[in-house]
Amino acid sequence: MRINFLIRLALYQPEIPQNTGTLLRAGACLGVQLDIVEPCGFGLSDARLKRAGMDYVEIAHYTRHTSWQSFKDTAQENNNRLVYLTPHSKVSYTDFDFTPQDILILGRESDGLPKDVAQEIPHHITIPMIEGRRSLNVALAGAMVLGEALRQTQQTKKRKKES
């Protein structure tokens with residue numbers, strides 16, 4: 001089966017292998033390619049990553065980028081739009097208009113994106129939460145926003161037709 005990748009999910013220097021495994025599994029099931037911006041806080045052969053991703057890690061489509069600059073250059077060459085998921089935005093992901101060329105960027109689990117990197121990204125969105133709550137698990141947040149982006153761009157309907 002040929003999969004036409006459109007919306008992508010990028011993990012910036014992920015630190016927790018279980019989150020990366022979970023998102024690789026989601027990508028494999030939903031037909032979404034992942035970008036992993038190195039360095040990672042673990043090896044991609046880590047047993048915890050494989051346990052969370054199960055056998056889907058082997059069939060997931062992902063690209064490893066050696067640096068933020070390498071990732072950014074590739075995104076620019078492909079005319080992708082960068083969208084950063086952060087608890088520090090006023091724009092709800094449900095109010096944002098996604099496009100098929102979007103790359104949804106998730107920061108490190110411990111501290112998100114460095115300020116200088118975040119400033120390079122034109123679009124910042126958030127998942128509204130109860131006041132006083134800091135953040136959601138990065139894999140859960142990525143899956144929630146990815147689901148909305150796929151729904152808005154009608155990619156979920158296209159996936160059913162491809163299978």
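**Salt bridges in a predicted model**

A search of the whole structure finds 6 salt bridges, a salt bridge being a side-chain nitrogen of Lys or Arg within 4 Å of a carboxyl oxygen of Asp or Glu. This is a predicted model, in which local features need pLDDT of at least 70 and side-chain atom pairs count only at pLDDT 80 or more, while totals for chains, interfaces and linings use all residues. Residues are numbered from 1 along each chain as its sequence is written, and side-chain values use heavy atoms, with hydrogens and water left out.

**Arg-64 and Glu-38**

- Arg-64 and Glu-38 form a salt bridge through their side chains, at 2.5 Å from N to O.
- This pair links distant parts of the chain, 26 residues apart: Arg-64 is in strand β3 (residues 62-65), and Glu-38 is in the loop between β2 (33-37) and α2 (47-53).
- Helices (H or I, at least four residues) and strands (E, at least two) are DSSP runs, numbered from the N terminus.
- Glu-38 counts as buried at 18% relative accessibility, whereas Arg-64 counts as partly exposed at 49%.
- Buried means under 20% relative accessible area, exposed over 50%, and partly exposed in between (1.4 Å probe, protein chains only).

**Arg-151 and Glu-148**

- Arg-151 forms a salt bridge with Glu-148, and their closest N and O atoms are 2.8 Å apart.
- Both residues lie in helix α5 (residues 138-152), 3 residues apart, which is about one turn of the helix.
- Glu-148 is buried at 12% relative accessibility, and Arg-151 is partly exposed at 47%.

**Arg-108 and Asp-111**

- The side chains of Arg-108 and Asp-111 also meet in a salt bridge, at 2.8 Å from N to O.
- Here Arg-108 is buried, with a relative accessible area of 18%, while Asp-111 is partly exposed at 48%.
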